[in-house]
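Please look over the sequence and the structure shown here before reading the report that follows. The report describes the two chains in turn.

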Amino acid sequence: MSNLALKELLYKIADDQLILGHRNSEWTGFGPLLEEDIAFSSMAQDKVGHSQAMYTILHQLGEQVPDTLAFMRPANQFHNCILVELPNGEYDFSLIRHFLFDTSEAIRFEMLSQSSYQPLAELSRKIRGELRYHTLHANTWIKQLGSATEESISRLQKSLNEALPYALGIFEESPFEKKIIEAGIFEGEKELQKRWVKKVEEIIQQTNLSLPDLKITIPVFGGRTGKHSEHLQPLVDEMSEVFRIDPGAEW
Amino acid sequence: MNSLDPRVNRLPEIGNPQNIQDKEQLDQFGTFEVFVQPKEGKPFQHEGALHAPNLEMAYILAKETFTRRFTCTSLYVVDTRNVYVSPITERDQNAYDLVENVSDQSKEKRSFEIYHLLKRGKQHVHVGSVKASTPQEAMSVAKNQLNAGKVFNIWSVASNDIRFTSDEEKELWLTLPEKKFRDAADYKGGEKLSSFLERRIKESNV
């Protein structure tokens with residue numbers, strides 16, 4: 001199998017982590033509670049760390065060094081799904097995105113812990129505790145606010161309805177899907193989506209929220225092939241501003 | 001708004017500051033006490049308190065607030081209202097001397113966790129558990145079983161009121177020892193500053 005398929009998989013996972021990590025870090029100092037500000041910032045830091053680990057694997061496969069991959073590419077070379085690049089909105093939207101995305105992320109890495117590609121399997125086993133916290137945090141908040149007051153329920157419901165088409169975009173298939181599955185590297189986006197739906201339903205059922213009908217929800221695709229919303233390039237510019245001033249600087 | 005932080009400039013206008021109404025007094029979450037086990041086999045120690053709407057939320061918020069830096073193998077939280085506190089002692093008096101002997105046979109016995117404050121200004125540390133019907137009785141049982149001679153303050157907490165970390169959840173702290181980047185010392189700021197200053201002096205001498 002060519003490295004192209006493997007690289008495509010690594011890039012999309014790494015870019016999801018970097019872009020959402022950066023987005024979530026925008027809450028640092030603005031969180032709704034001091035303790036939550038710390039928790040959300042820590043998880044954002046974890047995500048950026050995951051992306052760095054994945055870019056390091058890519059570098060070992062012949063790609064540029066991690067900092068160059070993170071900071072020197074234009075938006076149309078990023079493979080993240082559009083969900084992670086959307087602006088933070090209010091905290092209800094950020095929480096719903098955190099819940100929808102991190103549920104998929106935790107299942108993805110759980111699947112990858114059985115990967116035939118050892119660097120990925122090892123990384124997945126290493127970060128499983130972090131992902132356990134991320135999903136515990138998301139599930140607890142969704143259960144709390146999803147059955148609290150009329151305002152919290154209606155806000156979360158509105159954000160859930162808005163985010164869902166983008167969340168389905170996480171599972172946009174790659175042209176290499178078959179190869180990746182046959183090589184035992186990853187069981188594929190379809191399988192991931194199946195498990196994700198089950199888990200999301202399980203949590204939503206414990207709240208007063210209702211999950212829109214997934215059969216008639218049209219996924220927003222494009223991110224995996226570099227076709228992004230207008231929100232990604234400004235994010236990339238802001239994220240890489242300091243790095244680009246002096247790319248050779250040692251930190 | 002005009003800030004060097006682009007996030008601040010993006011914030012929505014939040015009305016006229018003169019129109020902001022004060023919150024009602026005490027309109028805030030209750031507090032929860034946080035206990036941390038720094039190493040496998042070591043006793044849990046009290047780390048501090050935080051505000052939260054309920055026990056489970058307190059657990060997830062305590063995890064990052066209290067265990068994101070130093071070594072940790074486990075964590076638990078309890079509603080402050082469920083911590084039964086012994087009388088406070090003066091000077092070298094043992095707090096257990098102020099604990100009354102209580103025996104209550106009316107209710108079923110359950111498990112209570114007992115904590116001692118051995119040095120003023122330090123943390124309460126878990127010393128063991130006892131069976132009793134009430135927190136008062138638990139303290140009285142501890143007086144016989146766990147009395148260490150000079151204890152400044154004693155806490156007793158019903159084990160059922162505690163949100164413990166499950167065995168599965170212990171993996172939450174797997175990568176913590178690697179997160180050196182959370183320590184300011186890891187950036188070696190002082191060293192970098194001195195080498196920068198040295199370089200500047202050399203350059204100005206040229």
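## Two chains compared

Among contacts in chain B between residues at least 6 apart in sequence, 61% join residues at least 24 apart, two residues being in contact if their C-beta atoms, placed from the backbone, lie within 7 Å. This is a predicted model, in which local features need pLDDT of at least 70 and side-chain atom pairs count only at pLDDT 80 or more, while totals for chains, interfaces and linings use all residues. Residues are numbered from 1 along each chain as its sequence is written, and chains are lettered from A and ligands numbered from 1 in the order in which they are written.

Chain B holds four helices and seven strands, where helices (H or I, at least four residues) and strands (E, at least two) are DSSP runs numbered from the N terminus. Read from that end, the elements of chain B follow the order α-β-β-α-β-β-β-β-α-β-α. The radius of gyration of chain B is 24 Å, whereas a compact globule of 206 residues would have one near 17 Å; the radius is taken over C-alpha atoms, and the globule rule is 2.2 Å times the number of residues to the power 0.38.

Chain A has ten helices and zero strands. Its radius of gyration is 18 Å, close to the 18 Å that the globule rule gives for 251 residues, so chain A is as compact as a globular protein of that length.

| Chain | Box, roughly |
|---|---|
| Chain A | 55 × 45 × 35 Å |
| Chain B | 85 × 50 × 40 Å |
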